[in-house]
Amino acid sequence: MYGTSHIVSDVMTHTVAAVGRRAPFKEIVQLMQDWRVSALPVIEGEGRVTGVVSEADLLPKEELRDDPDTGYLQLRQPVDVAKAGALTAGDLMSSPAVTIRAGATLAEAARTMAREGVKRLPVVDEAGLLAGVVSRADLLKVFLRDDEDIAEEVRREIVSYLFPLSSSAVRVEVHDGVVTLTGRIRDSALVPVAARLVRAVEGVVDVQFDLAHDDPGVSGAGRP
């Protein structure tokens, strides 16, 4: 009934930088600068993700630069003390890594980012090997979807099913991602259902209704 949702592999960055566990501190910083990223997956073997090293993992070393003795006391977590003296990705990384499957929906990825408080996720394939990286910006790409493309999906996948007797009388317009349904329907109880389904369509920012109840028993209104 409904259109196929985009999955993580549709929007992720396929070519990504990664480091091994033995990568030295300076190499990690250089890669972040070269690739303009704030975090790097740490891999081993054929590409299995074992952790993620981020700018936050590197900063404790800078915090100690002026006064090491005072700096150690000011670090809030014992793990920061360890990372301040770490020299390789294996010692610096946060592990286990929070990852997402390439076949996961964009909604799943968004919920994972929100729950874990991260801006990007390493993407792994069915074998658990690194396949790419998905960021918050990648997830927002669905909102660049063309308005008419959204309108056509709403007409085809929602209106024609929920309001089959009134579909020709229900107009769908989309402006800047905001969907507006206008016209006459026979069952107003379906409006909340329509709202939920329309909001689930990728690229929809909001949904508005201007629908009147069409009672076929009054003056012949609503006759097919």
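Reader: What classes of residue make up the lining of the second largest pocket?

Author: This is a predicted model, to be clear. By class, that lining has 11 nonpolar, three polar and three charged residues.

Reader: And what's the volume of the second largest pocket?

Author: About 330 Å³. Of its 17 lining residues, Leu106, Ala107, Ala110, Leu139 and Val142 are the closest to the centre.

Reader: Which elements give two or more residues to that lining?

Author: Helices α7 (106-116) and α8 (136-139) do. The largest share, four residues, comes from α7.

Reader: OK, now the largest pocket. How much space lies in there?

Author: About 530 Å³. There are 22 residues lining the largest pocket, and the closest to its centre are Ala39, Val52, Ser54, Val118 and Lys119.

Reader: How do the lining residues of the largest pocket divide by class?

Author: Into 12 nonpolar, four polar and six charged.

Reader: Switching to the surface. Which residues form a nonpolar patch?

Author: Leu140, Phe143 and Val205, and together they have about 290 Å² of accessible area.

Reader: Where does Phe143 lie?

Author: In the loop between α8 and α9, the latter covering 147-162.

Reader: Salt bridges next. How many does a search of the whole structure find?

Author: It finds 10. As background, side chains of opposite charge can pair when their charged atoms come close.

Reader: Which residue does Arg145 form a salt bridge with?

Author: Glu153, with the closest N and O atoms 2.5 Å apart.

Reader: Why is Glu153 counted as buried?

Author: Because its relative accessibility is 12%, and buried means under 20%.

Reader: What about Glu148, who's its salt bridge partner?

Author: Glu148 pairs with Arg155, and their closest N and O atoms are 3.0 Å apart. Glu148 is partly exposed at 44% relative accessibility. Arg155 is partly exposed too, at 30%.

Reader: And what do the side chains of Arg199 and Asp206 meet in?

Author: A salt bridge, 3.3 Å from N to O. Arg199 is partly exposed at 47% relative accessibility, and Asp206 is partly exposed at 30%.

Reader: Which residues do salt bridges that share partners join into one network?

Author: Glu148, Glu152, Arg155, Arg156 and Glu157. So the Glu148 and Arg155 I mentioned as a pair are both members of that network, and each of them counts as partly exposed.

Reader: Last topic, Val198. Which helix is that residue found in?

Author: Val198 sits in α10, which spans residues 191-199.

Reader: Is Val198 buried or exposed?

Author: Buried, because its relative accessible area is 0%, and the cut-off for buried is under 20%.

Reader: How far is the C-alpha atom of Val198 from that of Ala151?

Author: They're separated by 9.8 Å, with the two residues 47 apart along the chain.

Reader: Great, that covers what I wanted to ask.

Definitions and conventions:
Residues numbered from 1 in each chain as written. Predicted model: local features only at pLDDT ≥ 70, side-chain atom pairs only at ≥ 80, totals over all residues. Heavy atoms only, no water. 1 Å grid on protein atoms, 1.4 Å probe; cavity = no way out; pocket = protein on both sides within 12 Å on 5 of 7 lines; lining within 4 Å. Points joined across faces, edges and corners; volume = space filled by probe spheres on them. Nonpolar A, V, L, I, M, F, W, Y, C, P; charged D, E, K, R; others polar. Patch = residues over 30% accessible without salt bridge, like charges linked within 9 Å, V, L, I, M, F, W, Y side chains within 5 Å. Areas by Shrake-Rupley, 256 points an atom, 1.4 Å probe, with all protein chains shown as cover. Salt bridge = Lys/Arg side-chain N within 4 Å of Asp/Glu carboxyl O. Buried < 20%, exposed > 50% of the residue type's maximum accessible area, 1.4 Å probe, protein only.
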